[in-house]
Amino acid sequence: MAPTQSGGELSVDSMLVVDADAHLLEKDEDLLPYMDEYPGMKRYIEGASDPSVQIRTQIYSGPNTVGIYDTDARDLTSSVYDKLKDDDESAHVDTKLEEMNDFGIDVGVVTGTTMLHINTVNYPQAALAYANAYNKFLRHEILDAHEGIKAAALVSQFEPEKGAEEIDEMGSEEDIVAVAMPNGGLRPPFGSKEFDPIYQAAVDNDLPILLHPTTSLGFDYPATYRDSHTYAESRVVSQPWRCMWDLTTSLTRGLPERFPDLQIVFQEAGIAWVPYTLWRLDDTYMEHPDQVPLLEQLPSEYVEDRYYFTTQPLGHTSGANLASAFDLLGPESIMFSSDLPHGAFDSAPEILRQLTPHFDEETIRAIMGETAASVFGLE
Amino acid sequence: MANRTLIATVADLPDHGDRIIQEVGGVEICVFNIDGEYRAIANYCVHEAGPLCEGSLTGQMCTSDEDEWHWEYERDGELIECPWHSWTFDVKTGDNVKDDRYSVPTYDVDVEDGEIFVLL
Ligand code: FES
């Protein structure tokens, strides 16, 4: 860790800034026109008075997002940036570009918003329908619209061979740079062999997998969630817990041995939980050798090679503490992310300001964009 | 020339798995009978300095060559598992089974006229 030596000020304008966790604000109405391949589910979703509850189980009864962000709690597609009032096909792209412009972001790697709940559906068929429709929506309305917007092909956890088909179908699109496998509600967990068709297709198409958790505990820790009094307390633990579980199972179940070329990106859980979890994983690897026969090296060594973590939400602490956390994990495994336009977003210039005193320019450039450019194969 | 120290007799260690721990030159050394061969290894775990050789002889879970997924068990009785936190080492080489950057000293053994010597 060495302070920046360069004479000039480092700014978001002087470097490539890639947002490794950006979102679209797609609604059911955006996706339904692309759902003809799944007429049964299209009928259910169209007929639902609130698909976010009836189809996607997006909101559990309980604290969840009620009353936060000053928006209708059930409408996760609302935000300060919600300018999607008109039905204009370019509205999603225009909105995203506006956000990126405001925060000095050159490239945004987008996943959905409502589609983060694809694995909490009541009807597995609905998840397949959503994934297929969302990918078509990407193809028709998002991809090729602007060189700064890249996207991840969406898969659900159901019928993994269908997920593989989605990946193969989308993999040839230049602007598809990853596979989105939202991990809120993922069951069985990420490391499971059941998902191998998805992982094989990701490797075949040279695409990293993005794991994006949700803030509701209900899907992943229902017993705990029942005791949760507020959204606030659920939010603190939900994302890192989920990611700890998936990081753990991916390693204990030997995912990096099954797919040595698979790159994995954990989103929206911040950074500081990772070194702690890796220490525990390495400790467990050594203390329970018989339980991890699938692994041939320390879990942390696999992670160093092919796992990445996006920065947002960094949490509230000093720049020095952030820098220490980055150092503990290894800055080469870290990619800047904003989460825009969601309410918990981090600002690129602000993160840059906090990191600048603690790292050399090359490291900062890597975190802000260069590592992502290489992981996502950006030209 | 190595120091040759009498540590046990063959009669002390008649069966596979028998062991004897003796201090030699300030180091606690354990001699095991592993399938009729005598092996000497430090009674010292490089994890947190536990008494390694007071643990159990064990084997190792591994994956089948065929699919690298299903579990099998091999080398039963060739490995020593530390009684403190279960770090497990190959008695012959001293290497940890999960990471050979961690290794416990082993010592050459001479058997002569029913007596077992370690060479330090
Ligand atoms: S001291 Fe031997 S395993 Fe911890």
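## Buried residues and the overall chain

A residue counts as buried when its relative accessible area is under 20%. This is a predicted model, and in it Phe266(A) and Phe309(A) are both buried. Buried residues account for 62% of the 379 residues of chain A.

Chain A contains 15 helices and eight strands. Of the contacts in chain A between residues at least 6 apart in sequence, 79% connect residues at least 24 apart.

## Aromatic pairs

Over all chains, the structure has 15 aromatic pairs. One of them joins Tyr34(A) and Phe137(A): the ring centres are 6.4 Å apart and the planes stand at 55 degrees, so this pair is tilted. Tyr34(A) sits in the loop between α1 (28-31) and α2 (39-47) of chain A, while Phe137(A) belongs to helix α5 (residues 124-142) of chain A, so the pair ties together parts that lie 103 residues apart in sequence. Tyr34(A) has a relative accessibility of 13% and therefore counts as buried. Phe137(A) is buried as well, with a relative accessible area of 0%.

Phe266(A) and Phe309(A) form a stacked aromatic pair, with 5.6 Å from centre to centre and 10 degrees between the planes. This pair links distant parts of the chain, 43 residues apart: Phe266(A) is in strand β6 (residues 264-266) of chain A, and Phe309(A) is in strand β7 (residues 307-310) of chain A. Both residues also belong to a cluster linked by ring pairs, made up of Phe190(A), Phe195(A), Tyr199(A), Phe259(A), Phe266(A), Trp273(A), Tyr307(A) and Phe309(A).

## Charges over rings

In two places a charged side chain lies over the face of an aromatic ring. Lys193(A) is placed over Trp69(B), at 4.9 Å from the ring centre. Within chain B, Arg4(B) is placed over the face of Phe117(B), at 4.0 Å from the ring centre.

## Helices α5 and α6 of chain A

Helix α5(A), which carries Phe137(A), packs with helix α6 (residues 160-170) of chain A at an angle of about 5 degrees, the axes being 11 Å apart. This angle makes α5(A) roughly parallel to α6(A).

On the α5(A) side, the contact is made by Leu128(A), Ala131(A), Asn132(A), Asn135(A), Leu138(A) and Arg139(A); on the α6(A) side, by Lys162(A), Glu166(A), Glu169(A) and Met170(A). By class, the residues of this contact are four nonpolar, two polar and four charged.

## Helices α11 and α12 of chain A

Helix α11 (residues 273-287) of chain A packs with helix α12 (residues 299-306) of chain A at about 135 degrees, with 8 Å between the axes. The two helices, α11(A) and α12(A), are therefore oblique to each other.

Here Leu278(A), Leu281(A), Asp282(A) and Tyr285(A) of α11(A) meet Pro299(A), Ser300(A) and Val303(A) of α12(A). The contact of α11(A) with α12(A) has five nonpolar residues, one polar and one charged.

## The surroundings of Tyr221(A)

Tyr221(A) is found in the loop between β5 (209-211) and α8 (222-226) of chain A. Leaving aside residues up to four places away in sequence, Tyr221(A) touches Trp241(A), Arg242(A) and Trp245(A). The C-alpha atom of Tyr221(A) is separated by 9.1 Å from that of Gly185(A), a residue 36 residues apart from Tyr221(A) along the chain.

Key:
Residues numbered from 1 in each chain as written. Chains lettered and ligands numbered in written order. Predicted model: local features only at pLDDT ≥ 70, side-chain atom pairs only at ≥ 80, totals over all residues. Heavy atoms only, no water. Phe/Tyr/Trp six-rings, centres within 6.5 Å; stacked < 30°, edge-to-face > 60°. Helix = DSSP H or I, 4+ residues; strand = E, 2+ residues; numbered from the N terminus. Buried < 20%, exposed > 50% of the residue type's maximum accessible area, 1.4 Å probe, protein only. Lys NZ or Arg CZ within 6 Å of the ring centre and 35° of its normal. Axes fitted to C-alpha atoms, helices over the stretch in contact; angles between N-to-C directions. Parallel < 35°, antiparallel > 145°, perpendicular 65-115°, else oblique. Contact = heavy atoms within 4.5 Å. Nonpolar A, V, L, I, M, F, W, Y, C, P; charged D, E, K, R; others polar.
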